[in-house]
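Subject: Structure handover

Hello,

Please open it first; my notes follow below.

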Amino acid sequence: MEVRSLLKKQLPYKFLHYVETAKLPTPWGTFAMHGFVEPESGKEHLALSYGQWRKDEPVLMRIHSECLTGDALFSMRCDCGFQLQKALQNIVKNGSGVLLYLRQEGRGIGLLNKIRAYQLQDQGADTVEANEQLGFAADLRKYHFCESMLSFLGINEVKLMTNNPRKVKALKKIGINIVERVKLQEGHNRHNHFYLSTKADKLGHMFEVPSSSSFAIHEIKKGHGL
């Protein structure tokens with residue numbers, strides 16, 4: 001307890017306070033779930049670690065922002081839930097790794113504002129336009145406090161599973177060496193095609209979006225739309 005109290009006053013641990021660790025069994029393997037809290041906002045974040053890694057090797061890692069609709073309610077409007085599951089599978093297959101689960105719903109605007117943004121998208125706005133019409137920036141997420149989580153886990157070199165250039169830039173800014181960017185493109189479907197196209201075109205996400213005509217071909221092969 002004395003050590004924890006001391007760490008709370010020092011960088012980088014003052015950004016987040018470590019709370020506790022417990023086991024988290026999943027369909028793919030059992031992770032260690034480390035809980036943290038932001039002292040200023042009260043937001044709670046998780047680090048899920050699996051296996052052991054050497055100090056001299058880069059750690060396979062994913063930074064995943066909370067998406068209740070995709071992660072828990074199986075929404076096909078985005079690719080978040082698909083990416084979350086694939087990242088956990090990749091970590092287990094690799095034998096070790098870490099997933100940081102950050103409570104930054106709706107790219108930082110919160111769940112209810114996300115629903116409002118969805119309603120605007122239903123009327124024709126894209127994901128960036130919807131946020132802006134509500135008075136928000138396209139992406140309000142912050143990553144500086146990840147330094148606390150990675151310091152706690154003893155990680156300073158990673159293989160980062162992401163398509164988002166902002167995450168790459170944010171980790172480099174806090175001194176994390178990214179030795180490799182691992183593509184993580186999952187869950188493309190007719191419901192999120194426009195959403196993914198907008199992320200690539202307006203937010204610079206690094207992936208190729210298949211043409212919408214591929215869905216028509218897929219439906220014909222399944223015997224639909226004949």
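Which elements do the buried residues of α6 pack against? They pack against β2, β3 (44-50), β4, β5 and α7. The buried residues themselves are C146, S148, M149, L150 and L153. Buried means under 20% relative accessible area, exposed over 50%, and partly exposed in between, with a 1.4 Å probe and protein chains only. Just after α6, G154 takes a positive phi of about 70°.

Some ground rules. This is a predicted model, where local features need pLDDT of at least 70, side-chain atom pairs count only at pLDDT 80 or more, and totals for chains, interfaces and linings use all residues. Residues are numbered from 1 along each chain as its sequence is written, and side-chain values use heavy atoms, with hydrogens and water left out.

Overview

The chain has 226 residues, and 46% of them count as buried. Its secondary structure comes to 9 helices and 7 strands. Helices (H or I, at least four residues) and strands (E, at least two) are DSSP runs, numbered from the N terminus. Take the contacts in the chain between residues at least 6 apart in sequence: 58% join residues at least 24 apart. Contact means heavy atoms within 4.5 Å.

Strands

Two strands pair if DSSP finds at least two bridges between them. Strand β1 (residues 17-25) and strand β2 (residues 30-37) are antiparallel, over 8 bridges. They form a hairpin with 4 residues between them. In this pairing K23 stands opposite A32 of β2.

β5 pairs with β3 in the antiparallel sense, over 5 bridges. V98 in β5 is the bridge partner of S49. β4 and β5 run parallel and are joined by 5 bridges. There, S65 stands opposite L102 in β5.

Why is β5 largely enclosed by the rest of the structure? Because 6 of the 6 residues of β5 are buried. Both of its faces are covered. G97, L99 and Y101 are on one side, and V98, L100 and L102 on the other.

Nonpolar cores

A nonpolar core is a set of buried Ala, Val, Leu, Ile, Met, Phe, Trp, Tyr and Cys residues joined through side-chain atoms within 4.5 Å. The largest one has 26 residues, and M61, I63, L100 and L171 touch the most other members. Elements giving two or more residues to this core are β4 (59-65), β5 (97-102), α6 (146-153), β6 (157-161) and α7 (165-173). α6 gives the most, with 4 residues. A second, separate core has 14 residues, including L60, L88, L99 and L184.

M61 is worth a look in the viewer. Leaving out residues up to four places away in sequence, M61 touches V98, L100, L150, V158, K159, L160, M161 and L171.

Cavity and pockets

The search ran on a 1 Å grid over the protein atoms alone. A cavity is a set of points where a 1.4 Å probe fits but cannot get out. A pocket is an open set with protein on both sides within 12 Å along at least five of seven lines. Lining residues have an atom within 4 Å of a point. Grid points are joined across faces, edges and corners, and a volume is the space filled by probe spheres set on the points.

The structure holds 1 cavity of 30 Å³ or more. The largest cavity has a volume of about 400 Å³. Of its 28 lining residues, C80, R107, R141, Y195 and K199 are the closest to its centre. β4, α3 (80-94), α4 (111-122), α5 (127-133) and α8 (193-202) each give two or more residues to the lining. The largest share, 4 residues, comes from α4. By class, this lining has 8 nonpolar, 12 polar and 8 charged residues. Ala, Val, Leu, Ile, Met, Phe, Trp, Tyr, Cys and Pro count as nonpolar, Asp, Glu, Lys and Arg as charged, and the others, Gly among them, as polar.

The largest pocket holds about 310 Å³ of space. It is lined by 16 residues, with E38, S41, K142, H144 and F145 nearest its centre. Its lining has 4 nonpolar, 5 polar and 7 charged residues.

The second largest pocket holds about 210 Å³. Its lining is R141, K142, Y143, H144, R166, K169, A170, K173 and I174.

Best regards
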